Amino acid sequence: MFQTALYIAISLSLIGLLYQSRFFFKENRRFPGKKRGHGTWQIKLFLLNTLFQIKLFKAGRLRWLIHFLVASGFVYLLIFHALDDVTSFNWFQSYQSPVDPFQFLRNLAGLFVLAGCLGFLFRRMFFFALLKQRKIHLKGLFTILLILMVIVSGFLLEAVKIMSEPVFLEMVEEYSDIDETTGLEDLKIYWERQYHVVFNETLLITEEKFGAGKQLNEKFCIECHSPVKSAFISRSITLPLKKTGIFLNRHRADHLVYAVHYFLSLLMLVCLPFSRLFHIFLIPVASLEKNLTKEHLYPGPDQDPDQIQGYINTATVLACTNCGFCSNVCSVMPNFLITKNIHILPHAKIAAVKQLLHHAHLEPETGYWLQSGNGDCTFCHNCADICPSGIDLQSLWGLLNQKPVADGVENNHTFIEKLSLKQWTDLTSGKEPLLSAQNTTTQLADNGASFGNCIQCTICTNVCPVVEYDIDSNDYTPQQIMNLLRLGKKHLATGTRMVWNCLTCYTCQEYCPQGIKIADIMIELRNNGHLAATAIQLENFKKAE
Amino acid sequence: MKIKKTADCDVLVIGAGMAGCIAAARASSLGMKTIQAGNSSSFFFASGLFDLLGVFPVETGKIVDRPCSAIAQLQSEQRDHPYSKTTVDQIKEGFEFLASFLDSASLPYSLPGTDNRHILTSLGTFKPTYMVPQTVSKGCNLEEKNILIVDFKGLRGFSAKQVAAGLATKNRQTQVLSIEVPENLGNLNPVHLATAFEKKEFIQHLADKLLKFSGKADIVGLPAVCGIHNSLEITESLEKKTGMDVFEIPGMPPSIPGLRLKNAFEKKLSGLGTLFLSNAKIIFHAMEKDHFILRAVNDNFETRIKAQGVILATGRFPGGGLFARRDIILETVFDLPVFQPETREMWHQLNFLDPKGHLINQAGLETDEMFRPLDKAGKPAFENLYAAGSIIAHNDWTRLKCGAGVACISAYTAVNSFYKRHL
């Protein structure tokens with residue numbers, strides 16, 4: 001039965017791996033981005049990140065430690081313990097599972113994994129609670145609990161086996177010719193004292209018998225059985241269990257726990273392609289190729305900035321483990337704190353992209369938030385730099401920017417750009433509260449004192465890099481915006497190209513001889529425009545439904 | 001939450017206009033640790049020409065040709081005027097310092113001997129002035145020359161025809177040329193157009209147009225937008241390409257020669273180690289022994305400054321140095337007594353263009369010979385507080401055309417006096 005189950009599990013796992021890897025090959029409908037130029041193969045990063053999780057190390061030492069404990073412990077257990085029939089027995093002549101150093105190392109590795117898993121859980125309980133905007137993903141939780149159960153059942157199995165009388169008797173029968181007449185009782189006495197076996201009889205301990213048992217032990221057992229104290233975890237589970245030992249032995253608890261441990265391990269094998277565990281394969285792939293590096297984002301004087309377009313194997317998006325480092329370093333986190341659009345943050349954007357990849361569909365409203373959240377991205381490269389999975393995030397955001405993620409969804413910038421000022425003011429009439437939202441703005445544009453000193457000297461217009469770059473597509477210049485406000489045309493101003501093209505470089509404000517906070521007013525106008533445009537767009541989605 | 005800092009200095013200059021920048025220039029040239037606070041954007045309103053004394057006496061509107069002798073007359077007639085607290089030699093020394101400072105900041109000026117120059121303006125008039133940028137300096141003594149005036153289509157505030165019409169009233173026939181700015185090379189705000197002048201393609205395009213007039217004209221007047229950073233090189237390269245003399249005609253704000261001054265001062269002062277607190281408002285806190293304790297506040301930071309001496313160059317009403325309430329005019333930093341008309345009705349004459357000027361334009365601080373502001377008792381209000389520039393009373397500089405001269409001599413003398421007395 002165990003053999004059959006093993007083969008079934010291996011087959012399922014292989015099929016699952018093949019099924020999941022379809023993402024690497026299928027032509028993607030959403031991001032057909034033709035490969036432009038050559039991405040860089042990052043062999044060094046690939047090796048370091050696969051073997052030592054170097055990016056995680058850079059992102060957070062504690063997280064790396066926790067992860068490394070689990071990874072190293074689990075790899076050891078997998079190779080030297082789970083597969084010992086093909087590995088340890090062949091590699092080490094003296095190998096037997098209860099022999100040191102293997103017995104000790106198995107416990108140590110188990111402890112590593114146990115500590116790591118508890119670390120993961122602890123972080124999920126507390127760290128996630130702190131960052132309320134992040135949801136606990138059950139997928140990750142399931143994986144951790146599964147690993148945890150495999151390890152705990154392993155320790156339990158060893159503990160139960162240590163005190164098992166039936167196992168003791170089977171071993172005696174198999175590996176020695178001892179019987180009741182030739183000192184079985186002596187050996188029992190020795191093993192009860194030294195190896196914590198629980199016997200269903202009261203043994204009369206004398207020094208003589210104990211000595212005889214010790215001699216028998218040296219003759220038959222000691223080669224395969226190191227002192228039980230080196231199994232330091234299992235032994236400490238055995239000790240409190242001893243009182244129930246007779247009951248457990250009678251019902252062959254060792255068989256039961258073995259089955260549990262075995263099938264949990266097989267379950268893990270089957271889950272490998274479908275759970276968070278799949279990242280073991282995805283992260284090396286994601287780390288290998290990078291198409292948009294920081295240098296690309298700051299092109300030299302001779303480079304054409306328009307040529308810089310990322311390309312990403314979208315399958316690597318699945319390598320995301322939802323660790324949240326990206327959102328912690330996101331430059332536009334402050335935007336999120338103001339607008340509460342979670343899709344500004346990379347971890348939420350990537351979750352939406354995953355949904356898009358799996359279902360090829362996003363709700364228009366989600367699509368809208370994603371589009372406008374991604375529009376806030378400043379391409380600072382922080383998220384791509386820190387991503388422990390090595391995902392080429394910056395390329396992904398670049399691609400998202402180029403294509404609308406859902407039909408009929410636009411960010412506010414392009415939405416307003418398509419409208420004439422007349423259309424915009426018609427749409428916004430009746431939206432006055434949004435155009436001077438009391439709580440979210442600095443209330444400069446509503447306060448005559450903030451722009452009343454403008455003498456229309458045009459210095460702001462003269463120093464404005466936006467005006468210099470493209471005078472034609474700019475309808476109004478900064479000093480004209482100030483004039484619109486003086487004429488009470490705030491609604492009109494929120495839809496002007498000047499307000500939406502403003503780089504907020506603050507040159508105008510720095511130069512204004514009248515000390516008017518021009519850039520601050522521009523930002524406020526744009527924020528007001530955002531609020532109105534968002535309301536209009538959401539209304540449109542509802543109408544479409 | 002504002003970032004809090006502290007700073008110690010020998011001299012704090014409050015104000016970044018003409019007087020403030022000259023004071024900071026002098027102080028840092030003398031090796032004093034200098035902090036300057038203010039907004040230097042008022043240079044956009046400066047023509048870039050330095051007047052000494054253009055009109056005197058003001059009642060007659062007489063244009064001054066020889067400022068030195070006019071100043072001597074002014075000193076004898078108006079004991080209160082800032083010029084009367086100094087000598088002609090000192091004034092010249094101040095200008096020499098200023099010229100050499102600007103020269104070292106790569107903005108060469110042309111300093112005449114004793115006479116005023118009459119510089120062609122964008123209105124076609126001639127303005128009496130003293131020290132001018134070298135790019136402008138050929139815009140005088142234009143008799144006997146065949147002049148070509150060039151403008152750019154769409155550049156507001158400068159029309160070649162207007163200049164020519166002005167010249168025609170003086171019986172001077174002038175040729176005019178209107179140039180279209182090629183697309184992609186610039187647009188028609190003065191600053192952006194000036195940036196376009198720094199491109200080789202633009203200069204070539206301009207030279208090609210000008211060459212059609214070679215033989216017909218021997219001097220070309222352009223609006224004063226010939227580059228921001230290397231205007232002299234640009235006009236010289238145009239001269240080389242066309243074989244004609246080239247000069248700039250100063251005009252309406254935003255003024256590029258003013259921007260060049262702003263840049264030159266900022267760059268050179270920063271090179272000399274002057275700390276510039278841009279757009280910071282200065283609040284006087286207290287005296288600590290001989291030192292001033294002040295706070296410099298802007299949107300982002302608050303700096304506590306400890307200064308041995310303070311130069312008050314905050315200007316009058318537009319600069320914020322003086323503030324006019326309905327009933328009284330106040331000085332805004334130290335609350336010093338302000339010389340002013342006794343009642344509001346006396347601020348202005350009935351006739352706006354009255355040749356005598358308005359009394360309000362005489363308002364400001366009374367000072368001693370070292371330009372230290374006086375308190376109510378007529379004694380220096382603070383041992384080491386000096387005033388410079390237009391905040392000084394009895395100085396109707398717009399009518400006398402003596403603004404730059406007063407700024408220069410008051411800043412120069414104030415810093416020198418402080419330096420001699422205390423360091």
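Guide: This is a predicted model, in which local features need pLDDT of at least 70 and side-chain atom pairs count only at pLDDT 80 or more, while totals for chains, interfaces and linings use all residues. Residues are numbered from 1 along each chain as its sequence is written, and chains are lettered from A and ligands numbered from 1 in the order in which they are written.

Of the 545 residues of chain A, 36% count as buried, a word that here requires 20 or more other C-beta atoms, placed from the backbone, within 10 Å of a residue's own. Chain A has 33 helices and two strands, where helices (H or I, at least four residues) and strands (E, at least two) are DSSP runs, numbered from the N terminus.

Let us look closely at helix α10 of chain A, which covers residues 184-195. Its buried residues are Asp186(A), Leu187(A), Lys188(A), Ile189(A), Tyr190(A), Trp191(A) and Glu192(A). An α-helix has 3.6 residues a turn, so residues three or four places apart point the same way. The cover over the buried residues of α10(A) includes α9 (165-175) and α11 (207-221) of chain A. Just after α10(A), His196(A) takes a positive phi of about 65°.

Technical notes: A residue is buried if 20 or more other C-beta atoms lie within 10 Å of its own, exposed if 12 or fewer, and partly exposed in between; C-beta atoms are placed from the backbone. Two residues are in contact if their C-beta atoms, placed from the backbone, lie within 7 Å.
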